[in-house]
Amino acid sequence: MRQIAKALAREGWTLRSGGTPGADRAFECGCDEEAGKKEIFLPWAQFNDHPSPLYHPTDEAEQIAALCHPNWQAFSAEARKLRACNCQQIGGPTLGDPVDFVLFWAPEKDGIIRDGAATAITFARHLSIPVFNLQDNRVRRQWERFVAGNYFRR
């Protein structure tokens, strides 16, 4: 993930992420190593000690996140904000500037994501944005080839 982010940053892509440990952090580290552009959406100021100024998701982002979850009422206010940020990662600060594609790493069975990425992936799929789960060996090998040869150009 770090190497992919470095390659994408060199090509001028902008990273959108959420400041959580794991994949978010790996992508951000790679982006930072190339001084790449990034937008890190946080549920509140200093989430995970991250300095991003993009915090406090919009009401519209929360409404979209609610549509992505059949049991939205079961979530705490904090969990709702986290999922609303996932929508901004896909659609941008005002949800009007969608990403070109989504890279993620999460357990998936029959197209159903089993972790915090579920909201982002559900929203992206609703918008017909291509999604790539790096947990899939075939997908991961394709992105490894990209890193090795930079066969995508933007």
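Ser128 follows helix H5 and has a positive phi, near 60 degrees. Helices (H or I, at least four residues) and strands (E, at least two) are DSSP runs, numbered from the N terminus. This is a predicted model, in which local features need pLDDT of at least 70 and side-chain atom pairs count only at pLDDT 80 or more, while totals for chains, interfaces and linings use all residues. Residues are numbered from 1 along each chain as its sequence is written, and side-chain values use heavy atoms, with hydrogens and water left out.

**Positive phi**

- Most residues other than glycine have a negative phi, and most peptide bonds are trans.
- Ala35 has a positive phi, near 55 degrees, and is not a glycine.
- Ala35 sits in the loop between H2 and strand E2 (37-40).
- With 70% relative accessibility, Ala35 counts as exposed (buried means under 20% relative accessible area, exposed over 50%, partly exposed in between, with a 1.4 Å probe and protein chains only).
- His56, also a residue other than glycine, has a positive phi near 70 degrees, and the loop between E2 and H3 holds His56.

- In helix H5 (residues 118-126), the buried residues are Ala118, Thr119, Ala120, Ile121, Phe123 and Ala124.
- The cover over the buried residues of H5 includes helix H3 (59-67), H4, E3, strand E5 (112-113) and E6; contact means heavy atoms within 4.5 Å.

**Helices H3 and H4**

- The axes of H3 and H4 come within 8 Å and cross at roughly 100 degrees; axes are lines fitted to C-alpha atoms, for helices over the stretch in contact, and angles run from 0 to 180 degrees between N-to-C directions.
- H3 is therefore roughly perpendicular to H4 (angles under 35 degrees count as roughly parallel, over 145 as roughly antiparallel, 65 to 115 as roughly perpendicular and the rest as oblique).
- From H3, Ala61, Glu62, Ile64 and Ala65 meet Arg80, Arg83, Ala84, Cys87 and Gln88 of H4.
- The contact of H3 with H4 has 5 nonpolar, 1 polar and 3 charged residues; Ala, Val, Leu, Ile, Met, Phe, Trp, Tyr, Cys and Pro count as nonpolar, Asp, Glu, Lys and Arg as charged, and the others, Gly among them, as polar.

**Aromatic pairs**

- The whole structure holds 7 aromatic pairs. Rings of Phe, Tyr and Trp (its six-membered ring) pair if their centres lie within 6.5 Å; planes under 30 degrees apart count as stacked, over 60 as edge-to-face and the rest as tilted.
- One of these pairs is Trp13 with Phe101, edge-to-face at 5.1 Å centre to centre, with 70 degrees between the planes.
- That pair links distant parts of the chain, 88 residues apart: Trp13 is in the loop between helix H1 (2-10) and strand E1 (14-17), and Phe101 is in the loop between helix H4 (77-91) and strand E3 (102-104).
- Trp13 counts as buried, at 19% relative accessibility.
- Phe101 also pairs edge-to-face with Phe132, at 6.3 Å centre to centre and 75 degrees between the planes.
- Phe132 belongs to strand E6 (residues 131-133) and Phe101 to the loop between H4 and E3, so this pair ties together parts 31 residues apart in sequence.
- Phe132 counts as partly exposed, at 24% relative accessibility.
- Trp13, Phe101, Phe132, Trp143 and Phe146 are linked by ring pairs into a cluster.

**Leu15 and Glu28**

- Leu15, in strand E1, is buried with a relative accessible area of 15%.
- Beyond its neighbours within four places in sequence, Leu15 is in contact with Phe27, Glu28, Cys31, Lys37, Lys38, Glu39 and Ile40.
- Glu28 is part of helix H2 (residues 23-33) and is buried, with a relative accessible area of 2%.
- The side chains of Glu28 and Lys38 are joined by a polar contact of 2.7 Å. A polar contact is a pair of N or O atoms within 3.5 Å; within protein, one must be able to donate a hydrogen and the other to accept it, and residues adjacent in sequence count only if both atoms are side-chain atoms.
- Not counting residues up to four places away in sequence, Glu28 touches Leu15, Lys38, Ile40 and His50.

- Asn133 lies in strand E6 and is buried, at a relative accessible area of 8%.
- The side chain of Asn133 reaches the backbone nitrogen of Gln135 at 3.0 Å.
- Val147 is in helix H6 (residues 137-149) and counts as partly exposed, at 25% relative accessibility.
- Leaving aside neighbours within four places in sequence, Val147 is in contact with Gln3, Ile4 and Ala7.
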